[in-house]
Structure formats: C-alpha cells, structure tokens
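Take a look at the sequence and the 3D structure below. Then read on for a short tour.

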Amino acid sequence: GAVTAERGGVSRVLVLGSPRDVDAEEVLGALGSVDGVADIHHLRLWSMQEHRAAVDAHLTVEQGDWRRADLIKAAAKRVLHERFGIDQSTLELECALHACDGAARIGPGGVR
C-alpha cells in the first residue's frame, strides 16, 4: 500500500536511484536540441528527493561557439527545468576540439 510505495521512493533516493518519470533518452534529445550543443555524454540522472530529479552531464560546445558557453549552459538548464522540472543540474562544458574522446552517452555510473 502507501507505506510500501513510500519506502520504495525513499529507497530510490537513498541509493541515488534514477527518477521513474524522467527518460534518459528524452533528456539527451532535449539537451542535444539546444543551439550550440554538439554532443552530450556522461549523462547521469538520479532522484534528489522522492519527486525531484537531478542531472550531471558533459555538453560539447560546437566549434566556434565557445564565446557563447554561458548562454548555452543557461539554455540547457532552462530546457531541463521547462521540459522535465529538473532544477538541480551540474553541466560541464567542453570545447568540441578538446571533448572527451569515445565517452559513453550515459555514465559513468549511468542512470541508476
């Protein structure tokens, strides 16, 4: 019943489980649609509280757009908030010339 559901939610938070209502592929697609983002990798999603998600990700900034890095990050955070209700995010920006080579789209640690 309600107690079991509540314990399940608390357990997901305690083990940093992935939020049930946020799809990693949708988050990747939304971040990838931000003007100036060339790639996303090392995406990690987890539950901060029972109904609040958090995101960590590396965003590769398109070559020539580094001067817009702050605007790109702000736009990405706005997309996370508006599309998924995610207000807790850590976004690391990388220049396309020096981005992680061969990095996994989800991980390390992935979506828990």
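## Salt bridges

The chain holds four salt bridges, where a salt bridge is a side-chain nitrogen of Lys or Arg within 4 Å of a carboxyl oxygen of Asp or Glu. This is a predicted model, in which local features need pLDDT of at least 70 and side-chain atom pairs count only at pLDDT 80 or more, while totals for chains, interfaces and linings use all residues. Residues are numbered from 1 along each chain as its sequence is written, and side-chain values use heavy atoms, with hydrogens and water left out.

Start with Asp-35 and Arg-68. Their side chains form a salt bridge of 3.3 Å, N to O. Asp-35 sits in the loop between α2 and β1, and Arg-68 in the loop between β2 and α3, so this pair ties together parts 33 residues apart in sequence. Arg-68 also pairs with Asp-65, at 3.2 Å, N to O. Is Asp-35 buried or exposed? Asp-35 is exposed, with a relative accessible area of 55%. Asp-65 is buried, at 13%. The cut-offs are these: buried is under 20% relative accessible area, exposed is over 50%, and partly exposed is in between (1.4 Å probe, protein chains only).

Another salt bridge joins the side chains of Asp-39 and Arg-105, at 3.4 Å, N to O. Asp-39 belongs to strand β1 and Arg-105 to the segment after β3, so the pair ties together parts 66 residues apart in sequence. Asp-39 is partly exposed, with a relative accessible area of 30%. Arg-105 is partly exposed too, at 39%.

## The overall fold

The protein chain has three helices and three strands. Helices (H or I, at least four residues) and strands (E, at least two) are DSSP runs, numbered from the N terminus. In that direction the elements run α-α-β-β-α-β.

The chain has 112 residues, and 39% of them count as buried. Its accessible surface comes to about 6600 Å², with 49% belonging to carbon and sulfur atoms. Such areas come from the Shrake-Rupley method with a 1.4 Å probe; for residues, only the protein chains shown count as cover. Now consider contacts, meaning heavy atoms within 4.5 Å. Among those between residues at least 6 apart in sequence, 65% join residues at least 24 apart.

## The nonpolar core

A nonpolar core is a set of buried Ala, Val, Leu, Ile, Met, Phe, Trp, Tyr and Cys residues joined through side-chain atoms within 4.5 Å. Which residues touch the most other members of the largest one? They are Val-27, Leu-59 and Leu-80, out of 26 residues in this core. Two or more residues each come from α2 (24-32), β1 (37-49), β2, α3 and β3 (88-95). Helix α3 gives the largest share, seven residues. In soluble globular proteins, nonpolar side chains tend to be buried together.

Leu-80 has contacts well along the chain. Not counting residues up to four places away in sequence, Leu-80 touches Val-27, Leu-31, Val-55, Gly-85, Ile-86, Ser-89 and Leu-91.

## Thr-60, His-41 and Cys-95

Thr-60 is in strand β2 (residues 52-61). Thr-60 counts as buried, at 5% relative accessibility. Beyond four places in sequence, the contacts of Thr-60 include His-41, Glu-94 and Cys-95.

His-41 is in strand β1. His-41 is buried, with a relative accessible area of 1%. A polar contact of 3.1 Å joins its side chain to that of Glu-94. A polar contact is a pair of N or O atoms within 3.5 Å; within protein, one must be able to donate a hydrogen and the other to accept it, and residues adjacent in sequence count only if both atoms are side-chain atoms.

Cys-95 lies in strand β3. At 23% relative accessibility, Cys-95 counts as partly exposed. Cys-95 and Val-61 are 34 residues apart in sequence, yet 5.2 Å apart in space, C-alpha to C-alpha.

## Confidence

The mean pLDDT of the chain is 81, and 76% of residues reach 70 or more. This score is the predictor's confidence in each residue, from 0 to 100.

Over residues 1-7, pLDDT stays under 50, and the model has one contact beyond four places in sequence. Residues 9-16 are also below 50, with 13 contacts beyond near neighbours in sequence. Where pLDDT is low, the predicted coordinates should not be read in detail.
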